[in-house]
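Subject: Structure handover, disulfides and cavities

Dear colleague,

I am passing on the structure that we talked about, and I would be grateful if you could look through it alongside the notes in this message.

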Amino acid sequence: MAKKSGGGGCLVVVLVLALLGFGYYKWQHGSSSAPPDGADTGGGSGRYVALGDSYTSSPRTGRQAGTPAGCERSDDNYPHVVSAKLKPAQFADVSCGGATTAHLTAPQKTGDGTNPAQLDAVTKDTTLVTIGIGGNDVGFFAYAAGCATAHSTASPCKDKLTAGGHDQLAERIDAAAPKVGAILDRIHTKAPKAKVVVVGYPTVLPDGDGCWPILPFGSGDIAYFREELGKLNKMLEDQADAHRAGYADTATPGKGHDVCSASDTRWVEGLLPASPAAPLHPNARGEQGMADAVLSVLKLP
């Protein structure tokens, strides 16, 4: 008599599907990870250095902080919020709007002054570095003006950026990956005691078709850019994992706080900001949310 088949096969299938589902969830949503052990920062000790682009500098959300004025660095951006919580002995926020990975190792000219190479602020006594970079290497926000359309289902940007079977944004994300990794290695060399945290980009676009015409992007472009932003964050997370850094996932807590959400809950403003912020950039609420993600990675309440 043949033996009755047990439930082992079904269990294996269930486990495989669960693992695949978890992998898909991670790819879609990301996950924070703490940095490797390093020197402590806070309570009057240590040096905290913040590096990054406009999602770090936070144009127009608060008062001008530091120089040059052309970096549009606000005093309520997430580095300032994190520093106020930690209270390090020294704090240097050298983030600058428009920065790419190249501007971490070379000066950046702005419309009002030149920002020195951001890595110049990272010294051997630095104990904490946060870095939010990569979006300008890919060029996401440079395309925003060209995506506006009178047709709610159109996708002019996707059509242009994927013409000929080449996904230009995906290719730029791949090209940016080794640059981010090299920067992380440079930070470790310059500041061997430092904990390093890569800060991801918050959720900008909602699930679904968007909110045309309030945000005048067609559903095709909404889906395309949402997917590409997910790829960018996954690349940043992977580079953090591969180069001894922590990763602060700001996209997951930012879900439901996108440009299409209510004005009193959104973290990222639309093309016509309802709260002080640059278009398609975090407002003060968003910077607080990003700071909370960083503090969580550092195991601080």
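Predicted model: local features only at pLDDT ≥ 70, side-chain atom pairs only at ≥ 80, totals over all residues.

Residues are numbered from 1 along each chain as its sequence is written, and side-chain values use heavy atoms, with hydrogens and water left out.

Disulfides

Taking a disulfide as a pair of cysteine sulfur atoms within 2.5 Å, the count comes to 3. When the bonded cysteines of the protein chain are numbered in sequence order, they pair as 1-2, 3-4, 5-6. Helices and strands are named here from DSSP runs (H or I of at least four residues for helices, E of at least two for strands), numbered from the N terminus.

Cys-71 lies in the loop between α2 (54-57) and α3 (78-86), and Cys-96 in the loop between β2 (90-93) and β3 (108-110), so the pair ties together parts that are 25 residues apart in sequence. Both Cys-71 and Cys-96 are buried, where buried means under 20% relative accessible area, exposed means over 50%, and partly exposed is in between, using a 1.4 Å probe and protein chains only.

A disulfide also joins Cys-147 to Cys-157, at 2.1 Å from S to S, and its torsion about the S-S bond is about -105°, so it is left-handed. Cys-147 lies in helix α5 and Cys-157 in helix α6 (residues 156-161), so this pair ties together parts that are 10 residues apart in sequence. Cys-147 is buried, with a relative accessible area of 1%, and Cys-157 counts as buried at 5%.

The pair Cys-211 and Cys-260 is likewise joined by a disulfide, with an S to S distance of 2.1 Å, and the torsion about that S-S bond is about -75°, so the disulfide is left-handed. Cys-211 lies in the loop between β6 (195-199) and α8, and Cys-260 in the loop between β7 (246-248) and α9 (284-297), so the two tie together parts that are 49 residues apart in sequence. Cys-211 counts as buried at 15% relative accessibility, whereas Cys-260, at 25%, counts as partly exposed.

Cavities

A cavity is a set of points, on a 1 Å grid over the protein atoms alone, where a 1.4 Å probe fits but cannot get out, and lining residues have an atom within 4 Å of a point. Grid points are joined across faces, edges and corners, and a volume is the space filled by probe spheres set on the points. The structure holds 2 cavities of 30 Å³ or more.

The largest cavity has a volume of about 130 Å³, and its lining includes Phe-140, Phe-141, Tyr-143, Phe-217 and Cys-147. The elements that give two or more residues to this lining are α5 (144-147) and α8 (219-242). Its lining residues divide into 11 nonpolar, no polar and no charged, counting Ala, Val, Leu, Ile, Met, Phe, Trp, Tyr, Cys and Pro as nonpolar, Asp, Glu, Lys and Arg as charged, and the others, Gly among them, as polar.

The second largest cavity has a volume of about 40 Å³, and among its lining residues are Asp-53, Thr-56, Gly-132 and Met-290. By class, this lining has 6 nonpolar, 3 polar and 1 charged residues.

With best wishes

Terms used: 1 Å grid on protein atoms, 1.4 Å probe; cavity = no way out; pocket = protein on both sides within 12 Å on 5 of 7 lines; lining within 4 Å.
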